Amino acid sequence: MTAALDFLASKPGLLIGGEFAAAQDGRTFDTINPSTGQVLSTVPRAGQADVDSAVRAARAAFDPGSPWRRTSPAERGRLLHRIGDLILEHAEELATLEALDSGKVITVARSSDVVLAANMFHYMAGWATKVEGSTIPFSMSAPDEHLAYTEMEPVGVVAGIIPWNFPLVMASWKVAPALATGCAVILKPAEETPLSALRLGQLVTEAGLPPGVVNVLTGYGHEAGAALAEHPGVNKVAFTGSTEVGKRVLGAARGNLKRVTLELGGKSPNIVFDDADLDIAIPFAAQGIFFHQGQCCNAGSRLFVHRKVFDEVVAGIAEIAAGYRIGDALDEESTMGPLVSAGHLERVLGYLESGQSEGATAVTGGDRGAGPGYFLEPTILTGTTPEMKVVREEIFGPVVAAIPFDDPDELVTAANNTPYGLAAGIFTRDLAKAHRTARALQAGTVWINTYGAFDAAIPFGGFKESGWGREMGRAVLDNYLETKSVVIRLAP
Ligand code: NAD
């Protein structure tokens, strides 16, 4: 706690070119503790001039002949390892900052967010020495007189624009692969949760990265975010956030045809068949939607349950929902914290109102929690129809629509009836049914008899309007690399 409070009191600056500084025009904004509604700290509000400086610093760091470009892959791997170690060494401080700033309950921030972020750096450390091209047989003419090969080159300066739900994890998903592939990066955290990114910027500097390789700009999406997305000096945008803003980023990136990857929203189906082990399915279905107050891109927000076990499953989840201890995210006893902001709470309440006015019933929950913070009871809606907004749109709160089904084929059609395609869950004891259903679902990740199991080695990303590209695993490297083909004529 002391370390986190010291960090807050230090009024951390933007990280540009290895220096920590205020915004050039001196502007700042407040970051709020969603558990209390009180101002936590004031951070710099980066504008166009700061974006220009950060891009200049990153470009200089990426220049051929710069210390970073001369850093060997093995040394890049060691630096990534060091950053992962530093995250673990500062685990308690980072977990506290995450709880204060985002409302993530401290026990989860400690056991999940910090660990996942460190894992990502440690995992990516291994890839730094394994980015390889290939030799390719040449067939067009005189095969013996040609040698063809590919080299993989870093894409250049990357802007990583991230959301507020997993601030440190999202930062690691952008920064670690950028460093493993030899890129330079400018990280723009969400305005709701700037703190852990600023602290990560300090740790990255402490790890010994050359100046300008990682830059951190706190600021608003329509200012710093938009300026990065359209900046001609940026080669690639790695964006995670809402589908709506993702489409805007795509438009802004058009000017210099930046490479764009998008990790966007979801409305993921979680399916419980009648042969499922309900002792497993019920807790995972509850966790699948209520984890971090439902503010997860992969939340299992449409729960399809076979009619035979529907009442039992809904009753089981309702019991778990009633057992959550809603409270201040810093309280070790809290199992559910607040939503991230007053505005977001209003938005989620609006969805509840809309669902209920259209005829859905809240079996449990549906009300604001007590206190000045932005608390909301975990809520199960039944009696929904496919046309309702609560079934079609991403709510991003602790609200699940429980939907009974009878026929497995109709179930797959209903589960895929969404513009999103991020994740899905299946609960059954029948292996063949599990694989058949997994194959039929349009989703980037399918969990079977579990939900929300992440690993830095497993690619994650969306089908359809849930995005472009994959985070993590070997697959993420492609986002940060250009392929160069070299063909040599071997003159006799
Ligand atoms: P958001 O789209 O409002 O903001 C995301 C980021 O974009 C923030 O840093 C914001 O400042 C910035 N931004 C806003 N307007 C911008 C603009 N015009 N140009 C450039 N940047 C801009 O999303 P949010 O509310 O912070 O996060 C919630 C959303 O993120 C949900 O839809 C959720 O599903 C999604 N998400 C997806 C994943 C995934 O991996 N697929 C992971 C986490 C969150």
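This is a predicted model: local features need pLDDT of at least 70, side-chain atom pairs count only at pLDDT 80 or more; totals for chains, interfaces and linings use all residues.
Residues are numbered from 1 along each chain as its sequence is written, and side-chain values use heavy atoms, with hydrogens and water left out.

**Entry: the ligand**

I looked up leucine 264 and found one of its polar backbone atoms 2.7 Å from a nitrogen atom of the ligand. For glycine 241, a polar backbone atom is 3.3 Å from an oxygen atom of the ligand, and for tryptophan 164 a polar side-chain atom lies 2.8 Å from a ligand oxygen. On its own the ligand has 840 Å² of accessible area (by the Shrake-Rupley method with a 1.4 Å probe), and the protein covers 90% of this.

**Entry: helix 10**

Helices here are DSSP runs of H or I with at least four residues, strands are runs of E with at least two, and both are numbered from the N terminus. I call a residue buried under 20% relative accessible area, exposed over 50%, and partly exposed in between (1.4 Å probe, protein chains only). In helix 10, residues 243-252, I found Thr243, Gly246 and Val249 buried. Why do they lie on the same side of helix 10? They do so because they cover an arc of only 110 degrees around the axis, the arc being that of the directions from the helix axis to the C-beta atoms. The face turned away from this buried side carries Glu244 and Arg248, which are exposed. Counting contact as heavy atoms within 4.5 Å, I saw the buried residues of helix 10 pack against helix 9 (221-230), strand 10 (236-240) and strand 11 (259-263).

**Entry: two sets of strands**

Two strands pair if DSSP finds at least two bridges between them. Strand 3 (residues 28-33) and strand 4 (residues 38-44) run antiparallel and are joined by six bridges, with threonine 31 opposite serine 41. The two form a hairpin with four residues between them, and in the turn I noted glycine 37, which has a positive phi of about 75 degrees.

Elsewhere I followed an open sheet of three strands in the order 5-6-20, with antiparallel pairing. Its edge strands are strand 5 (135-136) and strand 20 (481-489), each of which pairs on one side only. Strand 6 (residues 146-154) pairs with strand 20 over nine bridges, and threonine 150 stands opposite serine 485.

Leaving out residues up to four places away in sequence, phenylalanine 138 touches Pro143, His146 and Val487.

Glutamine 293 sits in the loop between helix 11 (278-290) and strand 13 (302-306), and is buried, with a relative accessible area of 2%. Beyond its neighbours within four places in sequence, its contacts include Gly103, Met336 and Phe396.

How values were computed. A polar contact is a pair of N or O atoms within 3.5 Å; within protein, one must be able to donate a hydrogen and the other to accept it, and residues adjacent in sequence count only if both atoms are side-chain atoms.
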